[in-house]
Amino acid sequence: MPVGFLTQEQRDGFGRYVDSPSREELERYFHLSDEDREAIQVLRGNHNRLGYAVLLTTVRFVGVLPDKPAAVPVEVLQVLCRQLAIPDPDCLQRYSDHRRWIHATDIQNRFGYRHFTDPGIGFRLSRWLYALCWTGTDRPGVLFERATSWLFTQKVLLPGVSQLERFIAQLRSRVEERLWFTLGRSVTEEQRLQLQDLLTVAEGNRSSRLDQLRSGPVMVSGPALIRALRRLDDVRGIGITLPAAAHIPPSRIAALARFANTAKVTAGHRSPRCDGRT
């Protein structure tokens, strides 16, 4: 699967402010609780108090600690200044990078934020996403959004967008390999050759045997019923069934059936081999 599956909109909105927060978002993410104020009020100088508040509320809203606190939307600065009784938001210009680093570390320790690379984080996310991939058929972009929500819920600082994109692509590749291996482990060499023959377009024909088998009757009549029964016998004659212990989710089987019913023969040739190797 190609790694670059995200839309430009998803890339642009990952871990950053896209637009100014709505009124509801300001009330939900930028309200300072008593615990927040306890950490902020002990700091010296309005610039330090406002800078800490910007870091704390921004990580709750976009999932990262900003490198440039002064670049947040003006609405954010205004709502924080009102709560902290700071008359001039321009004081944030005096907020130093050194102090920002100290405050970022304190926020992580005090409020329980962790890095994506911390032990156990990748494993837990992999296990959760793997179950979603195996039992469902979500597109990679949807899985990316779900992974982002999981990281928010678990208080994990968002990694780089490309890093998370590669993470999901590799996980989906593992799931696909498991699927093809599970399907192919009960297929004999003779059956594999039969399947390959289904994709071959015989000389003088315009369609493969697979195209013919998946073209069902379109009319309700006696001859059409007979052709449908013969078609069913041909399919059963291939003699390939899923292994009893495969435990492949019905959603996966349905997705494979849709693919087989609509994909071109060339797509079938590009699919992983039936013996489980890619």
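Is T57 buried or exposed? In this predicted model, in which residues are numbered from 1 along each chain as its sequence is written, local features require pLDDT of at least 70, side-chain atom pairs count only at pLDDT 80 or more, and totals for chains, interfaces and linings use all residues. Side-chain values use heavy atoms, with hydrogens and water left out.

T57 is buried, because its relative accessible area is 0% (buried means under 20% relative accessible area, exposed over 50%, and partly exposed in between, with a 1.4 Å probe and protein chains only). The residue belongs to helix α4, residues 46–62 (helices are DSSP runs of H or I with at least four residues, strands are runs of E with at least two, and both are numbered from the N terminus). Leaving aside residues up to four places away in sequence, T57 touches Y29, F30, L32 and L80, where contact means heavy atoms within 4.5 Å. With the same exclusion, L80 touches F30, L32, L50, A53, V54 and T57.

L80 is also one of the residues that touch the most other members of the largest nonpolar core, together with L50, Y52 and I107; this core has 33 residues. A nonpolar core is a set of buried Ala, Val, Leu, Ile, Met, Phe, Trp, Tyr and Cys residues joined through side-chain atoms within 4.5 Å. Two or more residues of this core come from each of α3 (34–41), α4, α5 (74–84) and α6. Helix α4 supplies the largest share, nine residues. A second, separate core contains 29 residues, including F5, C133, I168 and W180.

The axes of α4 and helix α6 (residues 97–111) come within 10 Å and cross at roughly 50°. Axes are lines fitted to C-alpha atoms, for helices over the stretch in contact, and angles run from 0 to 180 degrees between N-to-C directions. Helix α4 is therefore oblique to α6 (angles under 35 degrees count as roughly parallel, over 145 as roughly antiparallel, 65 to 115 as roughly perpendicular and the rest as oblique). On the α4 side the contact is made by N48, Y52, L55, L56 and R60, and on the α6 side by residues including R99, H103, I107 and F111. The residues of this contact comprise six nonpolar, two polar and five charged (Ala, Val, Leu, Ile, Met, Phe, Trp, Tyr, Cys and Pro count as nonpolar, Asp, Glu, Lys and Arg as charged, and the others, Gly among them, as polar).

R60 and T153 are 93 residues apart along the chain, and their C-alpha atoms are separated by 9.9 Å. T153 lies in helix α8, residues 140–153, and counts as exposed at 61% relative accessibility.
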